[in-house]
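Please read the points alongside the sequence and coordinates.

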Amino acid sequence: MKRIHLFPSLLRLSIVQRRLLSVKVSDSIKNFIVSSKEIQAYKLDGVVCLRDVLSPVQCAEMLQASVEFMKANKGRIRYAKDDKRFFSAAFMADTIPVFEKFAKNSQLPSIAAQLMNNVKMVRFFYDQLFIKAPGAQARTAWHNDLSYWPFRGNDLISIWCALTPVTRESSGVVYVPGSHLNKTLYQAVTPDEDDKFVDPSRMACPDFSQDQNLLSWDMKPGDVLCHHPLTIHGSGPNHSLTDQRIGLSLRYLGEDVIWYPSKYVMQIPRDIQHLVVGEYPADDKVFPPTYTL
């Protein structure tokens, strides 16, 4: 019987990756300066797209690592409930050096600091991988990230890195601008619709798909989306029959965050016994500093 590969375009990516990774570049990475206009857009809309943040070598390295991680089929992974062509995973940086280096030693922590009102310290929270194969019909439900997390506060940020070309057709992320200002937490919905995350005290997030003011961007590898943890977002199916959509999201926290766990949020695979509810999570082993001023 002929084996059908759920992610056929991954087989075509390896040649491009090897070519890019063969290029020698300096290990030093200049800080990416976020403009005042971009900072203002983040504050107003709760999201901003930054262009050409990652180098081609960084993109190739993380694309290869992401593909290899998915092929290994190990770790904290999830598939969409009704479509196994949507793969997601989290906490790769906790065990895989290439993901850890990217999360902690790239230009991303500096970008996080600039967008979080120039905080003096940024800590790494976790990383998350999203892969939608060509033709994947699974949607990413409308949600805001803070609903999944054991925190309260304003100084948290997600930086979603495009590792492949992304368009609205290929399941680009779509945002409800300004929704972070409402400060409403909705029920969390995981790709596999895990009931453990559904907090009955919260209402389900409304369907914004017909909203006329939605924001989305066509992206090339190296572009990044930065969004506030309360900004409502989601994505549709990957209607492209040829293009893989791979995004790697890095989460960071700043200075006004307090530890606020519950049974409805994600469980962190680290030693969290010393964290105190209602206090700043100043544990360098659990949430390592990645940027200090």
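1. Aspartate 283 is placed in the loop between β12 (258–259) and β13 (289–292); helices (H or I, at least four residues) and strands (E, at least two) are DSSP runs, numbered from the N terminus. With a relative accessible area of 15%, aspartate 283 is buried. The term buried denotes under 20% relative accessible area, exposed over 50%, and partly exposed what lies in between (1.4 Å probe, protein chains only). Not counting residues up to four places away in sequence, aspartate 283 touches Arg123, Asp271, His274, Leu275 and Pro288, where contact means heavy atoms within 4.5 Å. From C-alpha to C-alpha, aspartate 283 and aspartate 271 are 9.7 Å apart in space and 12 residues apart in sequence.

2. On provenance, this is a predicted model, in which local features need pLDDT of at least 70 and side-chain atom pairs count only at pLDDT 80 or more, whereas totals for chains, interfaces and linings use all residues. Residues are numbered from 1 along each chain as its sequence is written, and side-chain values use heavy atoms, with hydrogens and water left out.

3. As to the overall content, the protein chain has five helices and 13 strands. Of its 293 residues, 53% are buried. Among contacts between residues at least 6 apart in sequence, 84% join residues at least 24 apart.

4. Histidine 180 is buried, its relative accessible area being 7%. Leaving aside neighbours within four places in sequence, the contacts of histidine 180 are Tyr42, Lys43, Leu44, Asp45, Gly46, His228, Leu230 and Thr231. Lysine 220, by contrast, counts as partly exposed at 40% relative accessibility. Not counting residues up to four places away in sequence, lysine 220 touches Asp52, Ala162, Thr164 and Pro165. The C-alpha atoms of lysine 220 and aspartate 52 are separated by 8.2 Å, although the two residues lie 168 residues apart along the chain.

5. How do helices α3 and α4 pack? Helix α3 (residues 56–72) meets helix α4 (residues 97–105) at an angle of about 140°, with axes 10 Å apart; axes are lines fitted to C-alpha atoms, for helices over the stretch in contact, and angles run from 0 to 180 degrees between N-to-C directions. The two helices are therefore oblique to each other, given that angles under 35 degrees count as roughly parallel, over 145 as roughly antiparallel, 65 to 115 as roughly perpendicular and the rest as oblique. The contact is made by Gln58, Glu61, Met62, Ala65, Ser66 and Phe69 of α3 together with Val98, Phe99 and Phe102 of α4.

6. Helix α5 (residues 108–115) is mostly covered, with eight of its eight residues buried. Among them are Leu108, Ile111 and Leu115. Asparagine 117, which follows α5, has a positive phi near 60°.

7. Three strands form an open sheet in the order β5-β10-β8, with antiparallel pairing; two strands pair if DSSP finds at least two bridges between them. β5 (140–143) and β8 stand at the edges with a single partner strand each, so one side of each is left without a neighbour in the sheet. β5 pairs with strand β10 (residues 233–235) in the antiparallel sense over two bridges. Serine 235 in β10 is the bridge partner of threonine 140.
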